[in-house]
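Here are a few exercises to work through with the model open beside you. Try each task before reading its solution.

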Amino acid sequence: MKVTFMGTAGARFMVAKQLAASGGLYIEDGDARVSLDPGPGAIVQYAKRKVDLTKLDAIVISHRHLDHCGDVNVMVEAMTEGGFRHRGRLFCPSDALDDDPVVLRYLRNFPEEVVRLQPETDYNVNGLSFTTSPRHRHQVETFGFRFGDRLGWVTDSEYYDGIAEHHRAEVMIIHLVLMQCRAGLPHLCLDDAERIIRDAKPRLAVLTHYGMTVWRAHPWEIAADLTQRLGTEVKAARDGMVLEI
Ligand SMILES: [Zn+2]
């Protein structure tokens with residue numbers, strides 16, 4: 001499995017200033033090619049890295065916040081060659097489709113299927129299987145994901161008991177938005193990320209989706225410090241980084 005970081009920025013200020021890109025993740029595994037959380041500018045990042053989006057099998061949206069789905073519509077058009085080829089699938093929570101939808105109605109019949117994600121459910125895209133977590137604690141309907149035992153993707157959430165277990169895998173990608181935990185901001189902070197890594201003990205933990213406070217604290221320094229203290233390898237993702245799992 002190959003994972004490319006099409007962006008490492010999270011939350012509004014980092015995305016607005018584009019201090020890092022906000023294109024989400026791209027997974028290639030066997031015959032499967034999947035785009036995860038194509039945020040604002042994702043299309044630019046995919047083009048820059050010469051990914052042929054007409055070969056994309058699926059787009060997966062963890063939740064409807066713009067930093068996770070800003071480019072979902074243009075990505076659907078790219079995947080379906082402007083709607084002329086009925087192909088590919090879109091997976092997203094129901095509230096990305098219902099009132100105040102982030103997926104425009106005119107292109108919903110372009111993909112072969114639009115799948116409404118359910119909690120703790122297995123899905124398969126061209127041989128790549130993945131499972132949703134229970135619903136995360138976030139302002140909107142949000143899921144995390146496990147791709148078998150190989151990859152866990154801990155998306156936006158407040159910390160909850162079981163979050164480590166539900167994403168436990170050889171490699172775990174963790175959205176680290178805040179340095180300090182703050183009541184009323186349902187995002188993972190540094191203490192939460194540390195607790196998840198301690199509990200799940202992956203071979204490798206990768207931090208990404210940095211909020212401004214994390215960015216200012218230098219993610220690579222945070223990762224080095226965690227590696228030393230936890231005895232688990234922790235990496236800070238950077239734009240364009242490729243991970244072979
Ligand atoms: Zn969010």
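## Exercise 1: Cysteines

Cys 189 has a relative accessible area of 0%, so Cys 189 is buried. Keep in mind as you go that this is a predicted model.

**Task.** Work out which cysteine forms a disulfide with Cys 189.

**Solution.** 
- Step 1: recall that a disulfide is a covalent bond between the sulfur atoms of two cysteines.
- Step 2: the cut-off for calling a pair a disulfide is sulfur atoms within 2.5 Å.
- Step 3: the sulfur atoms of Cys 181 and Cys 189 are 1.7 Å apart, and these two form a disulfide.
- Step 4: the structure holds one disulfide.

**Task.** Is Cys 181 buried, partly exposed or exposed?

**Solution.** 
- Step 1: buried means under 20% relative accessible area, exposed means over 50%, and partly exposed is in between.
- Step 2: Cys 181 comes in at 41%, so Cys 181 counts as partly exposed.

**Task.** Find out how far the sulfur of Cys 69 is from the nearest cysteine sulfur.

**Solution.** 
- Step 1: the nearest cysteine sulfur to that of Cys 69 belongs to Cys 92, 9.0 Å away, and Cys 69 is in no disulfide.
- Step 2: Cys 92 is in no disulfide either, its nearest cysteine sulfur being that of Cys 69.
- Step 3: now check burial. Cys 69 has 2% relative accessibility, so Cys 69 counts as buried. Cys 92, at 0%, counts as buried too.

## Exercise 2: The cavity

**Task.** Which element gives the most residues to the lining of the largest cavity?

**Solution.** 
- Step 1: the largest cavity has a volume of about 110 Å³.
- Step 2: its lining is made of 14 residues, and those nearest the centre are Gly 7, Gly 24, Asp 37, His 175 and His 209.
- Step 3: β2 (22-29) and α3 (66-69) each supply at least two lining residues.
- Step 4: β2 gives the most, with four residues.
- Step 5: sorted by type, the lining has three nonpolar, nine polar and two charged residues.

Technical notes:
Residues are numbered from 1 along each chain as its sequence is written. This is a predicted model: local features need pLDDT of at least 70, side-chain atom pairs count only at pLDDT 80 or more; totals for chains, interfaces and linings use all residues. Side-chain values use heavy atoms; hydrogens and water are left out. On a 1 Å grid over the protein atoms alone, a cavity is a set of points where a 1.4 Å probe fits but cannot get out, and a pocket is an open set with protein on both sides within 12 Å along at least five of seven lines; lining residues have an atom within 4 Å of a point. Grid points are joined across faces, edges and corners, and a volume is the space filled by probe spheres set on the points. Ala, Val, Leu, Ile, Met, Phe, Trp, Tyr, Cys and Pro count as nonpolar, Asp, Glu, Lys and Arg as charged, and the others, Gly among them, as polar. Buried means under 20% relative accessible area, exposed over 50%, partly exposed in between (1.4 Å probe, protein chains only).
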